[in-house]
Amino acid sequence: MIKSMTGYGGCKRIINEREYSVDIRSVNHRYLEINLKMPKEFIKFENEIKNVVSQYICRGKVDIYINFKSFSEKDYRIIPNIGIMKQYLEAINRVRENFSEIQDDFSLSTFIKLPDALVIETEELDISTVKSELLDCIEEALRNLDKMRKTEGENLKKDILMRLETIKALASRIEEYSKDLVENYREKLYKRVSEYLELKNIDENRLMLEITLFADKSDITEELVRLKSHISQFTECLEAGGSIGKKLDFIVQEMNRETNTIGAKSTIFEISQCVVSLKDELEKIREQVQNIE
C-alpha cells in the first residue's frame, strides 16, 4: 500500500482531570521533518515523541500541535507576590496623597487583579504517567493521520495507473507509426528527386545512403523499448507499495527523457502529436508522485 504525504490526524483525551489535545498535519517534503509546538512541560519528551512519529511516517513535513490543561487542584498553586503587592500599595498611597480630591474606590478584588499580583505555579507532574498518557494520545492521532494518508495514497495510485494505460496506448501508436517511417521517407525522396532531376535513372547508391542515414537518425526503437521498460518498472514499484516516492520520481524522469528523445527524432506529425500527449500525461503523473511518501 502506498501513502500520500498529505494528511491530518487528531486526538483529544481527558484522563484523570488532565486534558490532552493533539493535532498533526503533514505535507510533502524530500525528507522527514518534524516540527513540534507544545507546552514547555513536554519539551523533555521531544525525542520520545519524534521516535513515535518516525514509526508511522518515513517522509514528509510534519507539524504537531500539542495542548495540555489540568483541572486537578494538585497540579497548581496560586501564590501572592508580596513584594510586588507592597510596591503597588506604596504607589497607590502616593497617588492618594497627591490626588485626595479623587474618590477612592480601590478594593481588594481590584488589587489582586493587578499584573503579577498573583503567581500561578505548576506543581511537578508525575512525569512517567503524563508521558505515557501523552504518547498514547499522539499515537492515536498518528493512526488517524496514517488512515487518511493511506486513503489518499490509494486514490493517487488509481489515478496514476489510469494515466499509465494512456501512456502505454500512446507508446503503441508511436510504434505503429514508426514502422513505415523509413519506407515513406524512401518513397518521398524518390519522388522529389525524380521531379527535380526529371530523370528516369536515379543514383540508387546515393539514395540508399541518404535513406540509411535517415533511418539511423530517426530510429526510435531503443527509446520505445526503454520507455516500455520504465512503464513496467513504474507499475511494479507502484504495486509493491511502501516508501517509494523518490524511486517513482526517478523513473518518471527517465520516462520523460525517452519521450523527449522520441520527440526530437520525430519527422511525422502523428508521432509529434503522440509525444505532446505523452508529455502531458507524464507531467500529471509527476505532480501526483510528488505527494507519495
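Biologist: Which residue's side chain is joined to that of Glu133 by a polar contact?

Modeller: That would be Tyr20: a polar contact of 2.4 Å joins the two side chains, Glu133 and Tyr20. Keep in mind that this is a predicted model.

Biologist: Good to know! Where is Glu133, and is it buried or exposed?

Modeller: Glu133 sits in helix H4. Glu133 counts as buried because its relative accessibility is 9%, and the cut-off for buried is under 20%.

Biologist: What else does Glu133 contact, leaving aside neighbours within four places in sequence?

Modeller: Besides Tyr20, Glu133 is in contact with Ile15, Asn16 and Arg18, with those neighbours left aside.

Biologist: Let's stay with helix H4. What about Ile127?

Modeller: Ile127 lies in helix H4 too. With a relative accessible area of 36%, Ile127 is partly exposed. Not counting residues up to four places away in sequence, Ile127 touches Lys44 and Phe45. Ile127 and Phe45 are 82 residues apart along the chain, yet their C-alpha atoms are separated by 9.4 Å.

Biologist: Nice. Now the nonpolar core: which residues touch the most other members in the largest one?

Modeller: Those are Ile174, Phe234 and Met255, in a core of 30 residues. At least two residues of this core come from each of helix H4 (127-179), helix H7 (221-240), helix H8 (245-265) and helix H9 (269-289). Apart from it there is another core, of 25 residues, including Ile24, Phe45, Val53 and Leu142.

Biologist: And what does Ile174 touch?

Modeller: Leaving aside neighbours within four places in sequence, Ile174 has contacts with Ile220, Leu224, Ile262, Ile271, Cys274, Val275 and Leu278.

Biologist: What about Thr259, buried or exposed?

Modeller: Thr259 is buried, because its relative accessible area is 0%. Thr259 is placed in helix H8. Setting aside residues up to four places away in sequence, Thr259 touches Leu227, Val275, Leu278, Lys279 and Leu282.

Biologist: Switching to the surface: which residues make the nonpolar patch of about 390 Å²?

Modeller: Ile78, Leu108, Ile112 and Leu118 make that patch.

Biologist: Where is Ile78, and why does Ile78 count as exposed?

Modeller: Ile78 is in strand E5, residues 76-80. Ile78 counts as exposed because its relative accessibility is 60%, and exposed means over 50%.

Methods
Residues numbered from 1 in each chain as written. Predicted model: local features only at pLDDT ≥ 70, side-chain atom pairs only at ≥ 80, totals over all residues. Heavy atoms only, no water. Core = buried A, V, L, I, M, F, W, Y, C linked by side-chain atoms within 4.5 Å. Buried < 20%, exposed > 50% of the residue type's maximum accessible area, 1.4 Å probe, protein only. Helix = DSSP H or I, 4+ residues; strand = E, 2+ residues; numbered from the N terminus. Contact = heavy atoms within 4.5 Å. Polar contact = N/O pair within 3.5 Å; in protein donor to acceptor, adjacent residues only side chain to side chain. Patch = residues over 30% accessible without salt bridge, like charges linked within 9 Å, V, L, I, M, F, W, Y side chains within 5 Å. Areas by Shrake-Rupley, 256 points an atom, 1.4 Å probe, with all protein chains shown as cover. Salt bridge = Lys/Arg side-chain N within 4 Å of Asp/Glu carboxyl O.
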